[in-house]
Amino acid sequence: MIEQVSVFLENKQGALKSILDVLADAGVDIRAISIADTTDFGILRMIVPDPDKALALLKDKGVTASKTAVTGCKLPDTPGALRDILTVLHMADISVEYIYAFVTRRAEDAYVILRVEDNARTQSVLQKAGHTLMTPKEVYSL
């Protein structure tokens, strides 16, 4: 499984920068990032090459952080590709809690991170429908 690092942040100036300072100072690169916020707090979600290291660094600084298993899927960087994946999941009655996408220097591909209740079932459904899943090694090395 791909592991994502999630961080609870106060919604105040400098909160995100302080998290990024901890990671950057330790040489932790971020492969994908997403923030969801409300008036008072936010949740930062990141894919990093070494989730255990990032989590330990953050917890050592007193940051509320955790790891979550997610599914990564490679798809063509074309209109409708994300819809096709969501259609497959909908047909299998799989709900997506949240999703974020990213692209790399490889212009033909895009990547999506999916948080679902059952990663194993989701991966099986996507593979049977012909979609390419990302391995942890692949996503951490992008």
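The protein chain has an accessible surface of about 8,100 Å², and 51% of that surface belongs to carbon and sulfur atoms; the areas come from the Shrake-Rupley method with a 1.4 Å probe, and for residues only the protein chains shown count as cover. This is a predicted model, in which local features need pLDDT of at least 70 and side-chain atom pairs count only at pLDDT 80 or more, while totals for chains, interfaces and linings use all residues. Residues are numbered from 1 along each chain as its sequence is written, and side-chain values use heavy atoms, with hydrogens and water left out.

**The chain as a whole**

- You will find five helices and seven strands in the protein chain; here helices (H or I, at least four residues) and strands (E, at least two) are DSSP runs, numbered from the N terminus.
- Along the principal axes, the C-alpha atoms of the protein chain fill a box of roughly 45 × 30 × 25 Å.
- Of the 142 residues, 40% count as buried. Buried means under 20% relative accessible area, exposed means over 50%, and partly exposed is in between (1.4 Å probe, protein chains only).
- Take the contacts (heavy atoms within 4.5 Å) between residues at least 6 apart in sequence: 68% of them join residues at least 24 apart.

**Two nonpolar cores**

- A nonpolar core is a set of buried Ala, Val, Leu, Ile, Met, Phe, Trp, Tyr and Cys residues joined through side-chain atoms within 4.5 Å.
- The largest such core has 16 residues, and those with the most contacts inside it are Val5, Val7, Ile19, Leu23, Met46 and Leu58.
- At least two residues of this core come from each of β1 (2–10), α1 (15–25), β3 (41–47) and α2 (51–60). Helix α1 gives the most to this core, with four residues.
- Leaving out residues up to four places away in sequence, Leu58 touches Val5, Val7, Ile19, Val22, Leu23, Met46, Val63 and Ala65.
- Another core lies apart from this one, with 15 residues that include Cys73, Val88, Leu89 and Ala92.

- Which residues of α1 are buried? They are Ala15, Ile19, Val22 and Leu23.
- Looking down the axis of α1, the buried residues fall within an arc of 90°, so they line one face of the helix. The arc is that of the directions from the helix axis to the C-beta atoms.
- An α-helix has 3.6 residues a turn, so residues three or four places apart point the same way.
- The buried residues of α1 pack against β1, β3 and α2.
- On the other side of α1, Lys17, Ala24 and Asp25 are exposed.
- After α1 comes Gly27, whose phi is positive, near 75°.

**Leu126 in helix α4**

- Leu126 sits in helix α4 (residues 119–128), and Leu126 is buried, with a relative accessible area of 0%.
- Setting aside neighbours within four places in sequence, Leu126 is in contact with Thr71, Cys73, Ile85, Val88, Leu89, Leu114, His131 and Leu133.
- The C-alpha atoms of Leu126 and Lys59 are separated by 34 Å, and these two residues are 67 residues apart along the chain.

**Salt bridges**

- A salt bridge is a side-chain nitrogen of Lys or Arg within 4 Å of a carboxyl oxygen of Asp or Glu. How many salt bridges does this rule give? The count comes to eight.
- Lys17 and Asp21 form one of them, with the closest N and O atoms 2.7 Å apart. Both residues lie in helix α1, four residues apart, about one turn of the helix.
- Lys17 counts as exposed at 53% relative accessibility, whereas Asp21 counts as partly exposed at 31%.
- Glu10 forms a salt bridge with Lys12, the closest N and O atoms being 3.8 Å apart. Lys12 counts as exposed, at 52% relative accessibility.
- Asp84 pairs with Arg83 in a salt bridge whose closest N and O atoms are 3.4 Å apart.
- A network of salt bridges links Glu3, Asp52 and Lys67.
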